[in-house]
Amino acid sequence: MEKDPSRKQLLITELRVHKLRSKAFYNHMKQDIPNSVSLCFDLQQVLPLPRTPIQDAFYARQISLYNFVRGHSFLPADRVFGRLEKEIRKKTIINTRDGYDEILKRHGTLKLLRQDWQLLEIKDLKENFNNLEGLQKMKRIKIEKKVKRGMTVGCEIKAFENYRFETNEVAQTLLKRGKRIPREICTAVFENKELSANKKKDVNNLLTKQFGKEWINIQELAWYKDIINSCRPAPDTDMENPDESLCNCLDDDVGEVRI
């Protein structure tokens with residue numbers, strides 16, 4: 001219980017603002033806007049493999065399983081996460097990806113990477129398109145078709161920093177001056193990301209402590225064997241992507257509060 005009156009008042013204010021934003025978001029998602037599609041999506045907290053009660057797992061490098069959720073007006077992504085994590089917490093041990101997949105299937109339609117959808121390389125888009133400035137601050141992004149003489153010739157984008165207010169943002173096109181939309185905008189990424197030597201070592205140690213030195217002969221764990229024995233070169237670093245800039249999405253909000 002917070003005893004400092006000023007700190008307590010700050011927490012009460014932050015909670016009220018959070019609830020107002022949440023209510024505004026859900027109300028906006030329920031709107032039926034003609035000739036439009038509204039999508040909400042989010043990346044779930046990383047799911048570790050193996051999931052084990054062994055204490056060493058807290059400090060060890062583990063294989064990360066990513067779950068990207070696309071929600072809709074009746075069940076946004078964050079509510080899906082809540083249901084998933086409630087069920088996952090009941091499982092002290094999950095040995096393989098199939099264990100997570102079975103849980104995910106009970107809460108939605110499971111689409112597997114490279115089987116049901118493709119991961120696209122977007123770095124080359126910088127040659128033809130500009131970045132959307134201030135993207136991390138935006139709560140809503142509206143994409144509208146640009147039609148000329150009955151034909152779609154491109155699109156314009158408006159970005160808003162709040163859910164409720166329609167401010168005077170000017171629609172912009174991300175296509176650079178003098179550039180055209182290429183026929184093949186993105187190419188699929190087929191190569192698996194190699195694990196670092198340190199991560200392979202930690203995963204092997206966890207499996208050895210849980211199943212013994214002969215874990216490599218257990219059919220259920222053959223997936224780990226293929227990954228650990230892979231010989232493709234990889235940077236020996238603890239970071240999954242050292243060149244990736246850090247997101248400031250957890251920074252405190254500053255300035256005027258608008259919902």
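1. Axes here are lines fitted to C-alpha atoms, for helices over the stretch in contact, and angles run from 0 to 180 degrees between N-to-C directions. Helices (H or I, at least four residues) and strands (E, at least two) are DSSP runs, numbered from the N terminus. This is a predicted model, in which local features need pLDDT of at least 70, side-chain atom pairs count only at pLDDT 80 or more, and totals for chains, interfaces and linings use all residues. Residues are numbered from 1 along each chain as its sequence is written, and side-chain values use heavy atoms, with hydrogens and water left out.

2. Overall make-up. The chain has five helices and eight strands. Read from the N terminus, their order is α-β-β-β-β-α-α-β-β-β-β-α-α. Of its 259 residues, 24% count as buried (under 20% relative accessible area; exposed is over 50% and partly exposed in between, with a 1.4 Å probe and protein chains only). Contact means heavy atoms within 4.5 Å. Among contacts between residues at least 6 apart in sequence, 63% join residues at least 24 apart.

3. Confidence. The pLDDT, the predictor's confidence in each residue on a scale from 0 to 100, averages 79 over the chain, and 83% of the residues score at least 70. Residues 235-259 have a pLDDT below 50, and beyond near neighbours in sequence this stretch makes 27 contacts in the model. Confidence is highest in helix 3, at 93, and lowest in strand 8 (residues 187-188), at a mean of 77.

4. Helix 2 against helix 3. Helix 2 covers residues 77-88 and helix 3 covers residues 97-105; they pack at an angle of about 135°, and their axes are 10 Å apart. Helix 2 is therefore oblique to helix 3, given that angles under 35 degrees count as roughly parallel, over 145 as roughly antiparallel, 65 to 115 as roughly perpendicular and the rest as oblique. The crossing of the two is right-handed, a term used if the near helix is turned clockwise from the far one by less than a right angle, and left-handed if anticlockwise.

5. Residues at that contact. Helix 2 contributes Leu-84, Glu-87 and Ile-88, which meet Tyr-100, Ile-103 and Leu-104 of helix 3. By class, this contact of helix 2 with helix 3 has five nonpolar residues, no polar ones and one charged. In this scheme Ala, Val, Leu, Ile, Met, Phe, Trp, Tyr, Cys and Pro are nonpolar, Asp, Glu, Lys and Arg are charged, and the others, Gly among them, are polar.

6. Gly-82 is in helix 2 and counts as partly exposed, at 39% relative accessibility. From Gly-82 to Gln-44 the C-alpha distance is 9.8 Å, across 38 residues of sequence. Ile-93 lies in the loop between helix 2 and helix 3 and is partly exposed as well, with a relative accessible area of 41%. Leaving out residues up to four places away in sequence, Ile-93 touches Arg-51, Pro-53 and Gln-210. The C-alpha atoms of Ile-93 and Arg-51 are 5.2 Å apart, although 42 residues separate the two in sequence.

7. Phe-25. This residue belongs to helix 1 (residues 5-29). Not counting residues up to four places away in sequence, Phe-25 touches Cys-40, Pro-76 and Tyr-163. Phe-25 and Asn-162 are 137 residues apart in sequence, with a C-alpha to C-alpha distance of 9.1 Å.

8. Backbone points to check. Most residues other than glycine have a negative phi, and most peptide bonds are trans. The peptide bond from Leu-49 to Pro-50 is cis, with omega near -5°; Pro-50 lies in the loop between strand 2 (47-49) and strand 3 (63-65). Arg-114 is not a glycine, yet has a positive phi of about 75°. Arg-114 sits in the loop between helix 3 and strand 5 (120-121) and is partly exposed, at 32% relative accessibility.
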